[in-house]
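Subject: Structure handover

Hello,

Here is the structure I said I would pass on. My notes on it follow below.

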Amino acid sequence: MNVELYMNMLGQKARDASRLVARADTGIKNKALLGMAAALDANRAELIDANRKDLENARQNGLDAAMLDRLEMGNKTIDGMIEGLRQVVALPDPVGSITDMNYRPSGIQVGKMRVPLGVIGIIYESRPNVTVEAASLCLKSGNATILRGGSEAIHSNQAVASCIRTGLTAAGLPAEAVQVVETTDREAVGKLITMPEYVDVIVPRGGKGLIERISRDAKVPVIKHLDGICHVFIDLQADRAKAVNIALNAKTHRYGTCNTMETLLVHEGIAEEVLGDLVERFKAAGVELRGCAQTRILVPAIKEATEADWSTEYLAPVLSIKVVADIDAAIKHINHYGSHHTDAIVTENYTLSRRFLREVDSSSVIVNASTRFADGFEYGLGAEIGISTDKIHARGPVGLEGLTSQKYVVLGDGHTRK
């Protein structure tokens, strides 16, 4: 297969399909999504059989248990895909909505309309359910998409793609509105991210190495985040019970997610009181603790934190702890070492919480709640395509609205400029 010619063909088909999808009304798009759900339900045996081939190949290639877990697609995973499609159907369609209409002194009306981005390229690893999530969000927001999953899931993704095509054609939409790359050749990724004539945005979902490569080499805009180095700051005026529960949940609810706390900051005036309780509970949960010099005076048994620890996303039961003098020191630490993802403060002081919201430079800033809430579903966006820590266009969890842009619209009645 000539990969360059193949990817150009996919790109041209996606560009043509994007124009048809952009003008499709909400009912048609929802019909396609429900058709996909019905096809997934009707083809469970084929989906599981295709996934079995991927699992067998993955075991032979020595993939670890965590990767195998992400790759597996049983009935529970299929149920989740179907439910996810139904949830997207229930979401408001952002396309075509007009806001901020105002009359100008000249008599014209000026406002903004939500429009699709066009063609979205999505590069991801392991999880076959991402194929459905990405397809559904792109379609509902009026975009065509080219999906390039990991080679380890090639059979699963192609089986899912067949169900997606069934839903699209049943609704009268072009099957090319969602295309799953059929080659495992890595050159396909390089081509996908360097054809701005066909692709408007790239969304990479995977490890830091993948995202760094895409960000470095892409010739089209990229919606991404590299790290999830998230903090919880326990202020002097924090409620102790809230602080303990929030810190435990932020770290131990799930270890391998980008919104898991990696560094705990504690005000020196409450550190001895709070850490006495927290350290024992973290240890009971199997979390390895690493602390600054002041932390280790209070809790001598834990390991010493190095400079590298403050900028490390562990994605594991490991936590760094630092005692700080005040909120200024906490904000300075977060803005220096953080990844602009999600950071939280626990405090009963309204003024300090407002300062934290204003001054912490992250895509999600939280008061008196766990960082684990930084998620499209929890924010009411439905599914999410990913999380962006960039400052242009989309920031934070990216749902339907994040997959659209705005254009100015002007309404007149024979007006001419004087």
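The secondary structure of the protein chain consists of 14 helices and 16 strands; these are DSSP runs numbered from the N terminus, with helices being H or I of at least four residues and strands E of at least two. The model is predicted, so local features need pLDDT of at least 70 and side-chain atom pairs count only at pLDDT 80 or more, while totals for chains, interfaces and linings use all residues. Residues are numbered from 1 along each chain as its sequence is written, and side-chain values use heavy atoms, with hydrogens and water left out.

Overall form

A compact globule of 418 residues would have a radius of gyration near 22 Å, and the 24 Å of the protein chain agrees with that. The radius is taken over C-alpha atoms, and the globule rule is 2.2 Å times the number of residues to the power 0.38. Along the principal axes, the C-alpha atoms fill a box of roughly 70 × 65 × 35 Å.

Of the 418 residues, 52% are buried (under 20% relative accessible area; exposed is over 50%, partly exposed in between, with a 1.4 Å probe and protein chains only). Among contacts (heavy atoms within 4.5 Å) with a separation of 6 or more, 73% are between residues 24 or more positions apart.

Helix α14

Helix α14 covers residues 350-359, and its buried residues are L352, S353, R355 and F356. They lie on the same side of α14, because their arc around the axis is only 160 degrees; the arc is that of the directions from the helix axis to the C-beta atoms. In general, an α-helix has 3.6 residues a turn, so residues three or four places apart point the same way. The buried residues of α14 pack against β7 (230-234), α13 (327-337), β12 (342-346) and β13 (364-367). Exposed residues Y350, T351 and R358 sit on the face of α14 turned away from the buried side.

Helix α9

In α9 (residues 208-217), the buried residues include L210, I211 and I214. These cover an arc of only 95 degrees around the axis, which puts them on the same side of α9. Their cover includes β3 (119-124), α8 (187-192) and β6 (201-205).

Residue A42

A42 belongs to helix α2 (residues 26-42). A42 counts as exposed because its relative accessibility is 61%.

Regards
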